Amino acid sequence: MKLRFLKHRLFAAAPEVKTGGGLFVTVEELLEQKRNVAYLKNFHQKLASSNMAGDVKSAFKGRGIELEEIRPYNFGDDIRDIDWRVTARKQQPYTRLYAEEKDREIYVLLDMSPRMAFGTRRELKSVAAAKIGALLGWMSLENKDRFGLGIYDGQKTSFFKAGNNRAFFFVMLKKISETSINILSGQWKENESFTKSVRLLDNQIKNRATVFILSDFSFFDEALRKSLARLAHKSRIYCLNIFDVLEEKAPPPGEYPAISPSGKKLLFNSGSTGFAKTYEDYFYNKKQEVKKFCSSFGIRYAEIRADLDIRNQLKIF
């Protein structure tokens, strides 16, 4: 009887997660992102380079107050941490590792405007952005960092102050899910620019923080550049450029119907001479423009393709 029960527990199918089919994201899908935190362990360690100290013990090892362990010296270790007594006794260099103390603020600015409601495979850009935002939130909570969120829907920006309250985090996830559904209504006019969202975030942050900006950066004008440069002076920024494969590679030759941001129906022919190169060069140059700007201001930059696995793409950090 006990053996049968154990087999049932071990081999029972995992509960099915309610999904939005890639068109929108459900709260259940956002909750499911907690399972992916383990895949970003190295990302955790890189975030630990923040110079903000507090009374929360981090899971990461580095320079701090509390001795964590003594191990053989590895290339790249700080020579200030060498334990000379152990080194003399063992006749080889040993180094001390300390548990870092951190109390970081992690912010995510999520572009959930109608132009992010685009995708040709797997899921829309808005859905991919929402999942990454939730994953970063879970990562922050697991590491006892304070997590804050800004959601830009094209009409307004909703802000949630940084905290480490799990119940409040669930409220954030619900808002993300609702926004991903609302932007499918067909309302394309944006009454507020994404630049204003960056400025609001800048005003929200009082101390140095780590900021993730998730967008397709399709409107990368001078005003947005200035706002990002200002924010970069006080915070560590990661810009995640989310795109669809159809934006990167031209479709096969043929005639395709399309709808402009204003709602006007269009028809374009991709079979004309030089169309594919012009099409692909335009998107490539747009990405390079954002990447070059980020490099100039010490902003970490990454490209995320909406139809590929999120975990593997985030590992580049």
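A residue is called buried when its relative accessible area is under 20%, exposed when the value is over 50%, and partly exposed in between (1.4 Å probe, protein chains only). Keep that in mind for the views below. This is a predicted model, in which local features need pLDDT of at least 70 and side-chain atom pairs count only at pLDDT 80 or more, while totals for chains, interfaces and linings use all residues. Residues are numbered from 1 along each chain as its sequence is written, and side-chain values use heavy atoms, leaving out hydrogens and water.

View 1. Helices (H or I, at least four residues) and strands (E, at least two) are DSSP runs, numbered from the N terminus. Of the 317 residues, 46% count as buried. A contact means heavy atoms within 4.5 Å. Among contacts between residues at least 6 apart in sequence, 73% join residues at least 24 apart. The protein exposes about 17800 Å², with carbon and sulfur atoms supplying 53% of it; this area comes from the Shrake-Rupley method with a 1.4 Å probe.

View 2. A disulfide is a covalent bond between the sulfur atoms of two cysteines. The structure holds zero disulfides. Is C294 buried or exposed? C294 has a relative accessible area of 0%, so it is buried. C239 is buried too, also at 0%.

**View 3. The largest nonpolar core gathers 40 residues.** A nonpolar core is a set of buried Ala, Val, Leu, Ile, Met, Phe, Trp, Tyr and Cys residues joined through side-chain atoms within 4.5 Å. In this one, I132, L149, I176 and L214 touch the most other members. Several elements each supply at least two residues, among them strand 4 (105-111), strand 5 (146-152) and helix 6. Helix 5 gives the most, with 11 residues. A second, separate core of 25 residues includes A209, A229, L231 and C294. In soluble globular proteins, nonpolar side chains tend to be buried together.

**View 4. I176 touches residues from several parts of the sequence.** Not counting residues up to four places away in sequence, I176 touches V25, L30, L110, M112, A130, L149 and I151.

**View 5. S140 sits in helix 5 (residues 125-142).** With a relative accessible area of 1%, S140 is buried. Which backbone oxygen does the side chain of S140 reach? That of L136, at 2.9 Å. Leaving aside neighbours within four places in sequence, S140 is in contact with I106, D145, F147 and N164.

**View 6. V171 belongs to helix 6 (residues 166-182).** Because its relative accessibility is 42%, V171 counts as partly exposed. V171 and F160 are 11 residues apart in sequence and 9.4 Å apart in space, C-alpha to C-alpha.

**View 7. F217 and F220 form an edge-to-face pair.** Rings of Phe, Tyr and Trp (its six-membered ring) pair if their centres lie within 6.5 Å; planes under 30 degrees apart count as stacked, over 60 as edge-to-face and the rest as tilted. The structure holds 11 aromatic pairs. In the pair of F217 and F220, the ring centres are 6.2 Å apart and the planes stand at 80 degrees, so the pair is edge-to-face. Both F217 and F220 are buried. Elsewhere, W138, F147, F169 and F170 form one aromatic cluster.

How values were computed. Polar contact = N/O pair within 3.5 Å; in protein donor to acceptor, adjacent residues only side chain to side chain. Disulfide = S-S within 2.5 Å.
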